[in-house]
Each structure stands twice: as structure tokens, then as C-alpha cells.
Amino acid sequence: MRLKDKVALITGSASGIGKASSLLFAREGAKVVAVDLKLDAAEATVKEIRDAGGEAAAFAADVSKAKDAAAMVEFAEKTFGKLNVIFNNAGVFHPNDESVTNTTEEIWDMVINVNLKGVFLGCQYAVPALLRAGGGSIINTASFVAVMGAAVPQIAYTASKGGVLAMTREIAVEFARQNIRANSLCPGPVETPLLAELLADPARRNRRLVHIPMGRFARAEEMANAALFLASDESSFVTGTTFLVDGGISGAYITPDGDAPQR
Ligand code: NAD
């Protein structure tokens, strides 16, 4: 078991990558604190974990609120005695988040508050808890759009993920000698509820698909496996990294008609 005796707090655990990670981390021996805005759905994740013989507890929090972020970390320590891993995974994508020229201030504020400030607050309250536990692992979900312009503009989302990447690097450097590792997980497009509406439209789906050398979207479980590596001691010399799990997007130059590379 790769996370035996570890306590892991995962935000956004009601759905998608967070849910898949909660189930996997618990299977690997972690006690999981499943945090989400949607308590009922987080409780459903916990029920699945318990039904499979694992240990978990659900907690309702809005990661963009300081008092909720403080409370979720306190809940983890009170419930399971310590905190070893925090996976700041909760995030949002707004369908009207588009070009810099037409994205509204409201959308900008909403996306930055959850995706960037939420990760900042998660780290702010988790770091002291990790130090109390003798160190630990921070995994912050960025995106491949943090390292390259998205083919379809989504300015607030891209800016939020770029911020996560830079912030995580700095946290990694600051706490490296105190046994805390911090890494950014940068998924390529994943088939989760986050993109369900967008990917249901064949034209919009294809516009994204053409950029992926593997010719398919990722599954949430593939991100959970990457997060598991970063959470476990197997990644003990990995910190401050930009962990791209993107089906080859960032490594490729693909023609706009989506042809696979030809000789
Ligand atoms: P999802 O929509 O399936 O799940 C996100 C979860 O976060 C939901 O359960 C939601 O209730 C929760 N959440 C949203 N706002 C919250 C808040 N303020 N406080 C607490 N919980 C909140 O999404 P997903 O695809 O699993 O995305 C997870 C992370 O991965 C996000 O940070 C997302 O930006 C990132 N990501 C996703 C993709 C993709 O293609 N799906 C690609 C790159 C990065």
C-alpha cells in the first residue's frame, strides 16, 4: 500500500479527478478527508470508500473562503490526528470565460477566487499542519494551459492555472528543507463533469481533440494515478515540478486539421 498510515485531504472530491483520487488514495491505505462544496456528493464518495473497506470522512467547504480552508485542515487533524498530504484540486471553468477582450470582471473574479485563491488558502492552512506532522506532500492542480496558450481562449482559467504553477514552485523552494514537497499536476483535457457541456458539442469537442497526439481525452483515473505518485514517498526527490499528464499535447506540433505526425 503506497499511502499506508497517511492522512490525505482532497478538495473537489465529489466529482471527476478529486473523486477518482479519493477512491484510489483510500485503496492505497490513506485516510481520506473528502472536501467539496457539495456535501451530499462528497458523502457519496466517502460511502464508496467505506464500502470498499477504506477510511474517509466528508467535509463541506468553499475553498475560496479562508475560514472554510482553516476549518477543513482543522477537521482533518481532529478526525485523523494529523495531515500528511493535501491535494488542492477543486476548480471551476466558466463557459463564458473567453478572450481577454470580452471576459467579464465577474467571471474573472469568480474563476481566480476558486482556482488560484482557493489553492493559496489551502496551502496557507495546510503548511503548518504538514510541519506539525514532520513534513508532507502538497499537490496543486494546474493545467497544461499553464505552460502554453489554450487553443480556445479562456483567459481567467489560464491565468488562474499559471498562478498556481508559479505559486507552487515558490512554496516548494521555501519549504524544501522542512520536508514539505509541493508539485503542480498539469492535466490535459479530461472527460469529467467540468467539461461535460463543452465536450457534448461535437465541433467544440473536436477543436480540442485535434491537439492531442494520443487522439483521445484523459480519464480521471489517469490523473489520480499521477497524483498518487506525487502524494507517495515514491516521489521523495520530486518537488517544484510541473508534472504534465497531457497525452503529449505540450510536446507536439500538430497541424490544425489534427493529422497525426506524418513522414
Ligand atoms: P469536476 O467539475 O468534475 O470536479 C470539481 C469539483 O470541485 C466539484 O465536485 C465541485 O463541486 C468542486 N468545487 C468547485 N468549486 C469549489 C469550491 N469553491 N470549493 C470546494 N469545492 C469546489 O472537475 P475536474 O475535471 O475533476 O477538475 C478538477 C481539477 O482539475 C480542477 O482544478 C480543474 O481545473 C483541473 N483540470 C481539469 C481538466 C479537465 O479537462 N477536466 C484539465 C486540466 C485541469
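Strand S5 (residues 136–141) is mostly covered, with 6 of its 6 residues buried (under 20% relative accessible area, where exposed is over 50% and partly exposed lies in between, using a 1.4 Å probe and protein chains only). The model is predicted, so local features need pLDDT of at least 70 and side-chain atom pairs count only at pLDDT 80 or more, while totals for chains, interfaces and linings use all residues. Residues are numbered from 1 along each chain as its sequence is written, and side-chain values use heavy atoms, leaving out hydrogens and water. Helices (H or I, at least four residues) and strands (E, at least two) are DSSP runs, numbered from the N terminus.

**The sheet**

- An open sheet of 7 strands has the order S3-S2-S1-S4-S5-S6-S7, with parallel pairing (two strands pair if DSSP finds at least two bridges between them).
- Strand S3 (55–60) and strand S7 (242–245) stand at the edges with a single partner strand each, so one side of each has no neighbour in the sheet.
- On average, neighbouring strands of this sheet are turned by 20 degrees against each other, direction ignored.
- Strand S1 (residues 7–11) runs parallel to S4 and is joined to S4 by 3 bridges; Ala8 has Val85 in S4 as its bridge partner.
- Strand S4 (residues 85–88) and S5 also run parallel, joined by 4 bridges, and Phe87 stands opposite Ile139 in S5.

**The two faces of S5**

- In a regular strand the side chains alternate between the two faces of the sheet.
- From S5, Gly136, Ile138 and Asn140 point one way, Ser137, Ile139 and Thr141 point the other way, and all are buried.

**Helices on the sheet**

- Helix H5 (residues 155–175) lies across S5, S6 and S7 and runs at about 160 degrees to S6. Axes are lines fitted to C-alpha atoms, for helices over the stretch in contact, and angles run from 0 to 180 degrees between N-to-C directions.

**Helix pairs**

- Two packed helices are described by the angle between their axes and the distance between the axes.
- Helix H1 (residues 16–27) and helix H2 (residues 39–51) have axes that come within 10 Å and cross at roughly 25 degrees.
- H1 and H2 are therefore roughly parallel to each other (angles under 35 degrees count as roughly parallel, over 145 as roughly antiparallel, 65 to 115 as roughly perpendicular and the rest as oblique).
- Lys19, Ser22, Leu23 and Ala26 in H1 meet Thr45, Glu48 and Ile49 in H2; contact means heavy atoms within 4.5 Å.
- The contact of H1 with H2 has 3 nonpolar, 2 polar and 2 charged residues. Ala, Val, Leu, Ile, Met, Phe, Trp, Tyr, Cys and Pro count as nonpolar, Asp, Glu, Lys and Arg as charged, and the others, Gly among them, as polar.
- Helix H3 (residues 66–80) and helix H4 (residues 105–132) pack at about 25 degrees with their axes 8 Å apart, and H3 and H4 are therefore roughly parallel to each other.
- Ala66, Ala69, Ala70, Met72, Val73 and Glu77 of H3 make the contact with Leu121, Gly122, Tyr125, Ala126, Ala129 and Arg132 of H4.
- The residues of the contact of H3 with H4 divide into 9 nonpolar, 1 polar and 2 charged.

**Thr192**

- Thr192 lies in the loop between strand S6 (180–187) and helix H6 (196–200).
- Thr192 counts as buried because its relative accessibility is 12%.
- Not counting residues up to four places away in sequence, Thr192 touches Gly16, Ile17 and Ala220.
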